[in-house]
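Subject: Structure handover

Hello,

Here is the structure I promised to pass on. Please open it first, then read the notes below.

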Amino acid sequence: MAGNSPYRGGFLALSAVGMLVIGLAACSKQQVVQGECRPVNGADVCVWGETSGNALVAFGATIPVGSVENAPADAPMVWPPVSDAVIPLPEAVRSATGFAVMTVFWEPHGHPPGPYLVPHFDFHFYAIPAGEVDAIDCADSTKPGRLPAAYELPDVNIPQLGTLLGLCVPKMGMHALLGAELHAATPFQKTMIVGYYRGRPIFVEPMITRATLLERRSFSMDIPEVPDRPTSVRYPTSFRADYDSTAQTYKFVFSGLTAAGAP
């Protein structure tokens with residue numbers, strides 16, 4: 001009797017649907033691809049990527065508050081500047097986006113121009129290999145033909161160093177800044193910089209004051225549309241810093257990855 005039950009087919013159909021849903025959920029499950037870590041002021045900064053199925057959907061770094069709290073109040077002036085950490089991004093991130101390496105710089109006294117003369121961190125995310133970053137000497141003064149809307153690429157005079165064309169710093173590159181911030185009379189708190197060298201975009205940089213990070217609050221920043229970027233590089237369109245009060249860390253998340261010319 002049980003073998004001829006009119007409900008048997010329905011149960012089998014429901015089972016099949018259930019298995020399909022489970023399978024689809026497994027395929028779309030988000031997973032973290034852990035990358036390498038480097039010590040910064042006594043705490044490890046780590047990079048990672050996030051996948052959904054076979055697609056990379058985000059990448060970023062985990063920044064311990066300890067790295068911020070323990071940052072020295074003073075440091076000798078060195079030129080070219082020396083990074084506090086150079087961290088290769090995971091292969092899954094490099095192959096999917098073209099972004100290859102993160103560098104961290106602690107600026108205990110900030111740097112010119114005026115609004116940026118406050119203690120802050122530079123977090124550069126480069127779409128070129130670490131070797132190319134290290135080779136930047138600012139001998140090439142070519143500026144890009146176009147900048148993101150509302151951005152400027154200033155020539156800045158630095159005492160005892162001279163004029164930095166396009167605010168080009170060796171082992172970093174040129175720095176395009178939001179014009180409204182560049183000409184502000186008040187110190188900045190956080191900003192998104194777009195970097196260039198040899199006339200082409202090479203990095204995005206959340207530049208954030210120590211005071212802002214010590215507020216221990218989540219925040220987000222806009223990432224502008226970057227003209228004339230390589231078609232091989234998928235740029236993020238969204239950035240957020242998620243604060244975890246239990247772990248005492250920030251999770252920097254770049255998402256909304258798009259190729260040049262994509263709608």
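V93 is buried, with a relative accessible area of 1%. Buried means under 20% relative accessible area, exposed over 50%, and partly exposed in between (1.4 Å probe, protein chains only).

Two points on the source. This is a predicted model, in which local features need pLDDT of at least 70, side-chain atom pairs count only at pLDDT 80 or more, and totals for chains, interfaces and linings use all residues. Residues are numbered from 1 along each chain as its sequence is written, and side-chain values use heavy atoms, with hydrogens and water left out.

Back to V93. It lies in helix α3 (residues 91-97). Helices (H or I, at least four residues) and strands (E, at least two) are DSSP runs, numbered from the N terminus. Setting aside neighbours within four places in sequence, V93 is in contact with W48, G49, L56, F59, G98 and F99. Contact means heavy atoms within 4.5 Å. V93 and G35 are 58 residues apart in sequence, yet 9.4 Å apart in space, C-alpha to C-alpha.

Next, strand β16 (residues 249-255). Of its 7 residues, 6 are buried, so β16 is largely enclosed by the rest of the structure. Strand β3 (residues 55-64) runs antiparallel to β16, joined by 7 bridges. Two strands pair if DSSP finds at least two bridges between them. P64 has T249 as its bridge partner in β16. Strand β15 (residues 238-244) is also antiparallel to β16, again with 7 bridges. There, D242 is partnered by K251. β15 and β16 form a hairpin with 4 residues between them, and Q248 in the turn has a positive phi of about 60°.

Now the open sheet. Its 7 strands follow the order β4-β5-β6-β12-β11-β10-β7, with antiparallel pairing. β4 (85-88) and β7 (151-152) stand at the edges with a single partner strand each, so one side of each has no neighbour in the sheet. E152 has L177 as its bridge partner in β10.

Last, what lines the largest pocket? The lining residues divide into 19 nonpolar, 5 polar and 3 charged. Here Ala, Val, Leu, Ile, Met, Phe, Trp, Tyr, Cys and Pro count as nonpolar, Asp, Glu, Lys and Arg as charged, and the others, Gly among them, as polar. Strand β5 (residues 101-107) gives the most to this lining, with 3 residues.

Best wishes
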